[in-house]
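Please read the points below with the model open beside them. Each point takes one topic and gives the cut-offs for its terms where they are needed.

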Amino acid sequence: MRKRRRRNEIILSSCTLLILIAGYFSFFYSPTNRGPQVVKVGIVGASKGDIAIWKSVAKTVKQKYGVIVKTSSFDGYDQPDKALKSGDVQLNAFQHYAFLKEWNKANHGGISAIGKTYIAPIRLYSKKYHHLNDLPEGATIVVPSDSTNESRALFVLKNAGLIKLKPNKVLVSVADITDNPNHFKIKEVASEQTSRVINDVDAAVVNNDFAAPAGLGDKQTIFVEPLNKDSKQWINIICARTKDKNKKIYREIVKTYQTKKTKQIYKKYYGNKQIAAWDVTLK
């Protein structure tokens, strides 16, 4: 009887030990404990300024929350939202409100803005002419071909006094040009190609993501987009999947981005060309 009791105690002790060992390994080696959480942010163009901003954000987020922030760079605007919706990245920071609205409309939604980043007036560039008035009759002007960036570019040409557009429209296309007195040829190309073809045309409206890497700056600028209350749709944003938009760590990343330190990096790399949008008033 005593031997049986002793044997049962040994079995019980062994089972308890096995449970403790299993618990130890399940805690330290479970999928949720293989290391710090990683949040990938999709960006376009990977300019020096963007890299510096996200490096700064990543450093602070790691120190404060133990989360690693990494950037994934894409070549074109058609890719980061697809990557976000599929889960290849957890956030992206490349688009404005108008672009997001059109993308959600075409792709059955799923992505939401969770914070403002900046607004940066885009420009009409030329390597052949130094002033807007120098553009000859029949000049070829390149604009981005995707709907929102094409619309923005055409409004730039309108504000420059080069064309007129149908009134009371938020998004416009070449078909909405009502007056083109100098018979300019408006050529649509993919956004990432606008800076690459500038040597072959008279002028081009180039998005900032592609202008800086291509070496386009003040010297090549012949007109700057004005900012007013209609510019709200061109404010750039950080986005997440709609189902994840309230995740605390994503909101903390937004807060870490929207700081004085980020403004200082804007100033260093972009001068006055990129304006913090989270506290700006558009008149």
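1. Helix 2 (residues 48-65) has 18 residues; at 1.5 Å a residue these should span 26 Å, and the end C-alpha atoms are 25 Å apart, which agrees. The expected span is 1.5 Å times one less than the number of residues in the helix. Helices (H or I, at least four residues) and strands (E, at least two) are DSSP runs, numbered from the N terminus. Just after helix 2, glycine 66 has a positive phi of about 70 degrees.

2. A word on the source. This is a predicted model, in which local features need pLDDT of at least 70 and side-chain atom pairs count only at pLDDT 80 or more, while totals for chains, interfaces and linings use all residues. Residues are numbered from 1 along each chain as its sequence is written, and side-chain values use heavy atoms, with hydrogens and water left out.

3. Which residues of helix 2 are buried? They are Gly49, Asp50, Ala52, Ile53, Trp54, Ser56, Val57, Ala58 and Val61. Buried means under 20% relative accessible area, exposed over 50%, and partly exposed in between (1.4 Å probe, protein chains only).

4. The largest nonpolar core has 27 residues, and Trp54, Leu91, Ile238, Ile253 and Tyr257 touch the most other members. A nonpolar core is a set of buried Ala, Val, Leu, Ile, Met, Phe, Trp, Tyr and Cys residues joined through side-chain atoms within 4.5 Å. Two or more residues come from each of strand 1 (38-44), helix 2, strand 3 (91-96), strand 13 (236-241), helix 7 and helix 8 (260-270). Helix 2 gives the most, with six residues. A second, separate core of 24 residues includes Phe99, Trp103, Val197 and Ala211.

5. Leaving out residues up to four places away in sequence, tryptophan 54 touches Val41, Ile43, Val69, Thr71, Ala93, Ile238, Ile253 and Tyr257. Contact here means heavy atoms within 4.5 Å.

6. How many aromatic pairs does the structure hold? There are nine. In phenylalanine 94 and phenylalanine 99 the ring centres are 5.6 Å apart and the planes are at 75 degrees, so this pair is edge-to-face. Rings of Phe, Tyr and Trp (its six-membered ring) pair if their centres lie within 6.5 Å; planes under 30 degrees apart count as stacked, over 60 as edge-to-face and the rest as tilted. Phenylalanine 94 is buried at 5% relative accessibility, and phenylalanine 99 is buried at 9%.

7. Tyrosine 257 and tryptophan 278 also form an edge-to-face pair, at 6.1 Å centre to centre and 85 degrees between the planes. This pair links distant parts of the chain, 21 residues apart: tyrosine 257 lies in helix 7 (residues 248-257) and tryptophan 278 in the segment after strand 14 (275-276). Tyrosine 257 is buried, with a relative accessible area of 2%. Trp54, Tyr118, Tyr257, Tyr266 and Trp278 form one aromatic cluster.

8. Five of the five residues of strand 7 (residues 140-144) are buried, so strand 7 is largely enclosed by the rest of the structure. Thr140, Val142 and Pro144 point one way, and Ile141 and Val143 the other way. Strand 7 pairs in the parallel sense with strand 10 (residues 185-189) over five bridges, and with strand 11 (residues 203-206) over two bridges. Two strands pair if DSSP finds at least two bridges between them. Isoleucine 141 has isoleucine 186 in strand 10 as its bridge partner, and valine 142 stands opposite alanine 204 in strand 11.
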